[in-house]
Every structure is written in structure tokens, then in C-alpha cells.
Amino acid sequence: MTREADDHSGVLKLSAVLADALRQRDAYTRLHSDRVMALANGIGVALGLSGNELHVLELGASLHDIGKIVVPDVVLMKPGRLDDAEMRVMQLHPSVGGDLIAAYEHPRSEPVSKVIRHHHEWFDGSGYPDNLAGEGIPLLARIVTLVDNYDAMAVRRVYQGARPHHEIMQIMESEAGTKLDPEMFKRFVQVIDDPRYAMFKAS
């Protein structure tokens, strides 16, 4: 095994441990992360990212919600819309997750932590936690933002029903340029319509 492969294997093991810890609390979040990882990888391949970039993207997508480990059950499992105070608690999860991974001594920790920290930044700068905008948001985080938003609408959750594919795409198209990177959205359209990713497509 090469040094790079060995390093990647070590982070994957950490990823598996943390993901399993989250699954013990919230099975939905774990399955959601698996789907986000698969679709994000599809966009990365379509973009021609390097092997190293794809590894970082895979890990960042897999762990993007790991910060929810610290979100209380009363907020994480609430079967309704969050109030302002609860939303502020929920909005801590990207920075908590990013800090958690950044603390792990590994060459890929910093880039993976940035994917996690910035996957709720909006293209127009109105997201969180750092109000980054446009290309100031790391590319891999912009990819995860796209697929995270799609899957969140495609699957039934405790506070909302699943939306059909055509409705999700209309919403996302309307958000391209504000919430979502418009160029990455074009790539996402290609990937989600690819038969290889049919299992991740909403009905």
C-alpha cells in the first residue's frame, strides 16, 4: 500500500468511527451523509478533480454533519420548524464539525475541515458560519452544499415530506446564484440525470 493510500485509509477509519457515533443518535443523518458522499463524488468526477481532491471531497461529504453530535436531541429530532434559539444551536454544527476534524493530526485534516465548516455558506454571502461568498467558498464545500440541499428535500424528514424531483430542481434552479453556485448547479443537473445515480434521484 502506498503512503497516500495508507493515509487515506487512516482517515476513512476515523470517518467510519465518527459516522457510526452519529448513527447511534440519528440514523437519518448517517444515511443522508452516505447519499451526499455518492452524489458529491459524481460531481467531482465530472469536474475532473484529482485523486487527492476526490479523497478530500469524499471525506468532507461523509462527515459534513458530524458536528450534529453536539446538538441536543430536543433540537435534532424536533418534529417541526425550529424557533430562533433552536436554529442558532443547529447552526453551530458546521463550525463544531470543522474544528473536530481540524484537531486530528493528518495531512488532509485542514482541507476536509474546510468542507465541513463551509457547507452552509451561501453563494451570495448570506450563509454561515463565516458569510463567505462566491469563489471565496471552497469549491468542495460548494459541491457538498448542492447535494446536501437536494437530498434534504428528496427524503422524508420528521418536519417535512419528501418533494418530487421536478419540484426540487425548480427550487434549486431558483436558488442558483444566491444560495447555490450556478456553475456547480449545471454540473449537478448532469450528474443527477445520469442513470448511474438513479438510486439517489427523488421520485
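Tutor: A contact means heavy atoms within 4.5 Å. By that rule methionine 172 touches Leu146, Tyr150, Met153, Leu180, Phe185 and Phe188, once residues up to four places away in sequence are left out. The model is predicted, so local features need pLDDT of at least 70 and side-chain atom pairs count only at pLDDT 80 or more, while totals for chains, interfaces and linings use all residues. Residues are numbered from 1 along each chain as its sequence is written, and side-chain values use heavy atoms, with hydrogens and water left out.

Student: What makes a set of residues a nonpolar core, and which residues touch the most other members of the largest one?
Tutor: A nonpolar core is a set of buried Ala, Val, Leu, Ile, Met, Phe, Trp, Tyr and Cys residues joined through side-chain atoms within 4.5 Å, where buried means under 20% relative accessible area, exposed means over 50%, and partly exposed lies in between (1.4 Å probe, protein chains only). The largest core has 36 residues, and Leu39, Ile143, Tyr150, Met172 and Phe188 touch the most other members. At least two residues of this core come from each of helices H2 (27-47), H3 (51-62), H7 (109-117), H8 (139-154), H9 (165-175) and H10 (182-192), helices being DSSP runs of H or I with at least four residues and strands being E runs of at least two, numbered from the N terminus. H8 supplies the largest share, eight residues. Apart from this core lies another, of five residues, among them Val71, Val75, Leu76 and Leu82.

Student: Why is glutamate 86 called buried, and why is lysine 78 called partly exposed?
Tutor: Glutamate 86 has a relative accessibility of 15%, and therefore counts as buried, because that value is under 20%. Lysine 78, at 23%, counts as partly exposed, because that value lies between 20% and 50%.

Student: Why is asparagine 41 called partly exposed, and which residues does asparagine 41 touch?
Tutor: Asparagine 41 has 29% relative accessibility, so the label partly exposed applies. Asparagine 41 lies in helix H2 and touches Leu54 and Leu57, not counting residues up to four places away in sequence. Between asparagine 41 and histidine 55 there are 8.9 Å in space, C-alpha to C-alpha, although the two are 14 residues apart in sequence.

Student: How many helices and strands are there in the chain, and what share of the residues counts as buried?
Tutor: The chain has ten helices and zero strands, and 47% of its 203 residues count as buried.
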